[in-house]
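Here are my notes for you to read alongside the model. Keep the sequence and the picture open as you go through the points.

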Amino acid sequence: MAATSTRDLGTGLFVLLGFAALAFLLTQTTDLDEYRGDSGYRVVARFQDIAGLKVRAPVTMAGVNIGRVEKIEFDGDRLDALVTLRIENRYDRIPDDSDAAVLTAGLLGSKYIGIGPGGSDTYLADSSEIQLTQSAIVLEKLVSKFLFSQAENTGGGQADP
Amino acid sequence: MDNLIEIKNLHFKRADRPIFAGLDLDIPRGKVTAIMGPSGTGKTTLLRMITGQLRAGQGSVRIADGDGMTDIGTLDRDAIYRLRRRMGMLFQNSALLTDLDVFENVAFPLREITDLPDRLIRPIVLMKLEAVGLRGAAGLMPSELSGGMGRRVAMARALVMDPELLLYDEPFSGLDPISLGVILRLIRETNDVLGLTSIVVSHDVEEIARLADYCYVIAEGRAIAHGPPAELARSESDLVRQFMAGAADGPVPFHYPAGDFARDLAGD
Amino acid sequence: MVQPGSIVGGLLGFLGKLGASVYFLGEILRQSGIGIARPRLVVEQIHNAGVLSLVIIMTSGLFVGMVLGLQGVDALSRLRQEDILGASVALVLLKELGPVVTALLFAGRAGTALASEIGLMRATDQLSAMEVMAIDPVRRIVAPRFLGGAISLPLLTGVFNVVGILGAWFIGVYVLGVDNGAFWSQMQEYVDPEDIWEGIFKSAAFGVAASLIAVFEGYNAVPTAEGVGLATTRTVVTTSIVILMLDYVITAALL
């Protein structure tokens, strides 16, 4: 019977190891608390153009991560993008006249939201709206703007055959 | 006559090749009945129909059940499993479970089918092993047994549920003369002492002549002769005589059917 | 009659086999109550399929993880993004490589063992003998092995993933100098619980498929030495193809 009990022990250890592995993956590779979604308060902001901003993109202030983009909707009446941000509860003293901008990490990197501080004495709270927003800078628009301004400077020379 | 099994007008095909075409056969209760025939005549197939592992295409395989006869082909799965508890079967290559020792092999049906506690299983198994003369080998693994010993263990296992019908598939093949003598004695003794009915499928004429009470010869899908072995040896049928005497040529030709030999050589 | 060997014949053969194995799965599941009635039989098979595969799974996981560490740092350093090494390795392992590679190794180690064991029992009439003893071999032999395999594979996949991530961590952080904090924090930043569940779901599906193919091929092996060898080969080939096809289907369905 000694062989049987060694085998049972080995099997028990194996099953334990398997579940320990799953527990490790669930706790170490992902941030469950942050993901759970109940913590933090929500504020909304409207943008003319979010150009590739994704749900779960970071929300930063002074370069520090303070929350995430929770929802992105298109407002069919006002024809702009309604973005819901979830900000962690401990950052509860953000002036309510702060501005939000869609920024790009690096030249071609992913989009995130940067909050610039305002000077008000009242703070953003759950379901308040950030009024001052700056849309994403879209590279194509920038390039074409630059080219047109160049063309004007040279007197429309590019129209020559 | 009091028959345990009656087979009537049995037809069976495998891959379009007819195995049985109107086979009639009765197995008398309490006797050792031999079923003989050249290789490939479906003797093993017949056993598998009696155990309900195969179903007849046409005709019936009936077994005595209480007062009447039950057609095995019409039974559902559960009924077939109940029926099999009345049977034991000895396979040609013993079919012992390779990862269990001799004792556990014999105990296997008891452990799987009954709820008997260990203290009851042990004496039953030891009694059956004693009966086949292998109580001393209880601790060996099947790989440590000779062919003849393996067959005796398989016999103990077939007997452990106290069946009323024992089926033997080629029990004599590949045995040395001593093991052969042991198996012959065991089949005879268990049949007579325990009051069983035995069916022995074989093509070993000599052994069957020593053992069987009654004998069927199957060829071409039907029973071509039956009777006590001594009678069959005097049969008028050429085929039966060829088979019983072991002649190379006869109604079963030496040559597999082929075209003209000379033309084949010439390459036409 | 359809010509054997033709494309149509091959397709019909495949469909026939698919149908037969689905039917067989139903039969196994009907007989799976034995896992509750006699859990010891399943424990034995988790030992055979899981514990005995552990060494090969951990070794492979370690080396796959270390290679991901090397290649990851090489590729990411071109983008100046070494910090997301942990995140990339974890996503690749959790969602794809972990379940797929573990299942392929499982087919080679445990699947072949299952197929040849059951095939040998078929070839030596052990299954037939059980039937005659009024013991259903699907219940007594096949169902515990199927359950043992299907339970083992997700657990093995978890172990593979952990060892793989640790391997990449060792190479990335200790050998190639990626920042330890960035490795883990970027991983937690980008890996969602959904990614982990996706991997677990995949490995559960692969476990069912790989175990089913192994017991099916073994149970239906031609009862000769050659037939058992053929069944073993077919188990590896069929499992590999089915795993990769299933992987695509599940990935496409979940994304």
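**Notes on the three chains**

1. Let's begin with chain A, which is divided into domain 1 (2–30) and domain 2 (37–144); domain bounds like these come from an automatic or database domain assignment. The centres of domain 1 of chain A and domain 2 of chain A, taken over C-alpha atoms, are separated by 44 Å.

2. A word on how to read all this. This is a predicted model, in which local features need pLDDT of at least 70 and side-chain atom pairs count only at pLDDT 80 or more, while totals for chains, interfaces and linings use all residues. Residues are numbered from 1 along each chain as its sequence is written, and chains are lettered from A and ligands numbered from 1 in the order in which they are written.

3. Back to chain A and its make-up. Chain A has 3 helices and 8 strands. (Helices, H or I with at least four residues, and strands, E with at least two, are DSSP runs numbered from the N terminus.) Starting at the N terminus, the order in chain A is α-α-β-β-β-β-β-β-β-β-α. Of the 161 residues in chain A, 20% are buried. A residue is called buried if 20 or more other C-beta atoms lie within 10 Å of its own, exposed if 12 or fewer, and partly exposed in between, with C-beta atoms placed from the backbone.

4. Next, contacts inside chain A. Two residues are in contact if their C-beta atoms, placed from the backbone, lie within 7 Å. Take the contacts in chain A with a separation of 6 or more: 62% of them involve residues 24 or more positions apart.

5. Which chains have the most contacts among the 2 pairs that touch? They are chains A and C. Chains A and B, on the other hand, do not touch, and their nearest C-alpha atoms are 13 Å apart.

6. Now look at where chain B meets chain C. The contact takes 14 residues from chain B and 11 residues from chain C. On the chain B side, the elements that give two or more residues are α2 (77–84), β6 (87–90) and α3 (102–113). Of these, α3(B) gives the most, with 3 residues. The chain B side that touches chain C divides into 8 nonpolar, 3 polar and 3 charged residues. For these classes, Ala, Val, Leu, Ile, Met, Phe, Trp, Tyr, Cys and Pro count as nonpolar, Asp, Glu, Lys and Arg as charged, and the others, Gly among them, as polar.

7. Chain B has its own domains: domain 1 (3–86 + 164–179 + 189–266) and domain 2 (95–162). The C-alpha centres of domain 1 of chain B and domain 2 of chain B are 27 Å apart. Where they meet, 8 residues of domain 1 of chain B are in contact with 7 residues of domain 2 of chain B. The domain 1 side of that contact in chain B has 3 nonpolar, 3 polar and 2 charged residues.

8. Inside chain B, β1 (residues 3–14) and β4 (residues 58–65) pair in the antiparallel sense over 5 bridges. One to look up is B:His11, whose bridge partner in β4(B) is B:Gln58.

9. Is B:Glu144 buried or exposed? B:Glu144 counts as exposed because it has 12 C-beta neighbours inside 10 Å. You'll find B:Glu144 in the loop between α4 (118–131) and α5 (147–159) of chain B. B:Glu144 and B:Val102 are 42 residues apart in sequence and 9.8 Å apart in space, C-alpha to C-alpha.

10. Finally, check two backbone angles. Most residues other than glycine have a negative phi. B:Glu220 has a positive phi, near 55°, and lies in the loop between β9 (214–219) and β10 (222–227) of chain B. With 14 other C-beta atoms within 10 Å, B:Glu220 is partly exposed. C:Ala134 also has a positive phi, near 65°, and its loop runs between α6 (126–132) and α7 (137–175) of chain C. C:Ala134 counts as partly exposed because it has 19 C-beta neighbours inside 10 Å.

How values were computed. Two strands pair if DSSP finds at least two bridges between them.
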